Amino acid sequence: MNDLREMVAEQVQYRELLYQMTKRDLLLRYKQTVMGFGWAVFMPLVNTAVFSVIFTRVAPIDVGMPYPLFAFAGLVTWNFFASSLKFAVTSLTSNTGLVTKVYFPREIFPVSAVLVSVVDFAVASLVLVGLMTYYRVGVHWTLLMLPVVLLVHLVFTTAVALLISMGNLFYRDVKYLFEIVLTVWMFTTAVLYPTQLVGGQLGWLMQWNPMTPIIEGYRDILIRGVMPGAPFAVVALGSVVFLLWAWLSFHRAEFQFAENI
């Protein structure tokens, strides 16, 4: 309990530093790019177009809604998760000067990576609103659940970000293995096709994959107009426990960071 109280107090004390780090990383990400925030929209749009051709022309599947809407909702949600982790995994090792010479809670680095990706997620979500308007998807009362789904998404992403940034500091193999794991993870998540179409062990794995209920949670409240099911509730509860464990592990290990970086 003392550790938890100390961790929260540090975040409050250094909140201005977190803000400045997030602002710095956001400016650096799009520095000297022509499209700027347009990249947050361009990539999921291109992928949506490609997979729409595959799953509506080459190998048609029934997803219960216009496929471009299904795919874009899944890709935008997944991209937020993946982008957060891609920047978080090297967030400690790319700031060696700050990690070794100045004291402040090191959680700021991976958390900043997640917050920067939130901005991209918000920008790309505007296109999702445009697609929903184009396909005449109305606004449902379940939209009120959006903050809850987003919070669960943030909590789970932050927990993974803390663990992989810490793991990469101690073992540099993590950043290489991470790319492989992330690719496999995407295709075992309901990003491009619904879990109901997949049988066997892969179907079982997809149903127990925490990112599947989160992505389906967005589709449920925004497009289908229904409340997220029981799997989402399990993931929500599990994500809170997961974050507490990851944060505590990170906090207790950070005093060894300077020696191992």
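**Figure 1. Burial of Tyr218 and its aromatic partner in the predicted model.** In this predicted model, Tyr218 has a relative accessibility of 5% and therefore counts as buried. Its ring forms an aromatic pair with Phe121, with 5.9 Å between the centres and 75° between the planes, an edge-to-face arrangement. Phe121 lies in helix α6 (residues 108-134) and Tyr218 in helix α10 (residues 211-224), so the contact ties together parts that are 97 residues apart in sequence. Phe121, at 10% relative accessibility, is likewise classed as buried, because the limit for that class is under 20% relative accessible area.

**Figure 2. An aromatic cluster within the predicted model.** The count of aromatic pairs comes to 18. Ring pairs join Trp78, Phe81, Phe156, Trp185, Phe242 and Trp245 into a cluster. Among these residues, Trp78 and Phe81 also belong to the largest nonpolar core, where they are listed with the residues that touch the most other members.

**Figure 3. The largest nonpolar core.** This core comprises 52 residues. The members that touch the most other members are Tyr67, Trp78, Phe81, Leu85, Leu192 and Met211. At least two core residues are supplied by each of α3, α4 (67-88), α6, α7 (146-170), α8 (173-187), α10 and α11 (230-253). Helix α4 gives the largest share, 14 residues.

**Figure 4. Arginine side chains over aromatic rings.** Two views show an arginine placed over a ring: Arg106 with Phe104, and Arg219 with Phe70. In the view of Arg106, the charged end sits over the ring of Phe104 at 5.2 Å from its centre. In the view of Arg219, the residue lies over the face of Phe70, and the distance to the ring centre is 3.5 Å. Arg219 is also part of a salt-bridge network with Glu216, Asp220 and Arg224.

Figure 5. Side chains of opposite charge can pair when their charged atoms come close. Asp220 and Arg224 meet in a salt bridge with an N to O distance of 2.7 Å. These two residues are four residues apart in helix α10, so about one helical turn separates them. Asp220 is buried, at 11% relative accessibility. Salt bridges with shared partners join Glu216, Arg219, Asp220 and Arg224 into one network. Within this view, the side chains of Glu216 and Arg224 form a salt bridge of 2.9 Å, N to O. Glu216 counts as buried at 18% relative accessibility, whereas Arg224 is partly exposed at 33%.

**Figure 6. The salt bridge between Asp25 and Arg24.** A search of the whole structure finds four salt bridges. In the one shown here, the side chains of Asp25 and Arg24 meet at 2.9 Å, N to O. Asp25 has a relative accessibility of 22% and counts as partly exposed. Arg24 is also partly exposed, with a relative accessible area of 32%.

**Figure 7. A nonpolar patch on the surface.** The patch is formed by Val34, Met35, Trp39, Phe42, Met43, Val46, Val50, Val53, Ile54 and Val58. Together these residues have about 910 Å² of accessible area. One of them, Val46, is found in helix α3 (residues 38-58). Val46 has a relative accessible area of 32% and is classed as partly exposed.

Definitions and conventions. Residues numbered from 1 in each chain as written. Predicted model: local features only at pLDDT ≥ 70, side-chain atom pairs only at ≥ 80, totals over all residues. Heavy atoms only, no water. Phe/Tyr/Trp six-rings, centres within 6.5 Å; stacked < 30°, edge-to-face > 60°. Buried < 20%, exposed > 50% of the residue type's maximum accessible area, 1.4 Å probe, protein only. Lys NZ or Arg CZ within 6 Å of the ring centre and 35° of its normal. Patch = residues over 30% accessible without salt bridge, like charges linked within 9 Å, V, L, I, M, F, W, Y side chains within 5 Å. Areas by Shrake-Rupley, 256 points an atom, 1.4 Å probe, with all protein chains shown as cover. Core = buried A, V, L, I, M, F, W, Y, C linked by side-chain atoms within 4.5 Å.
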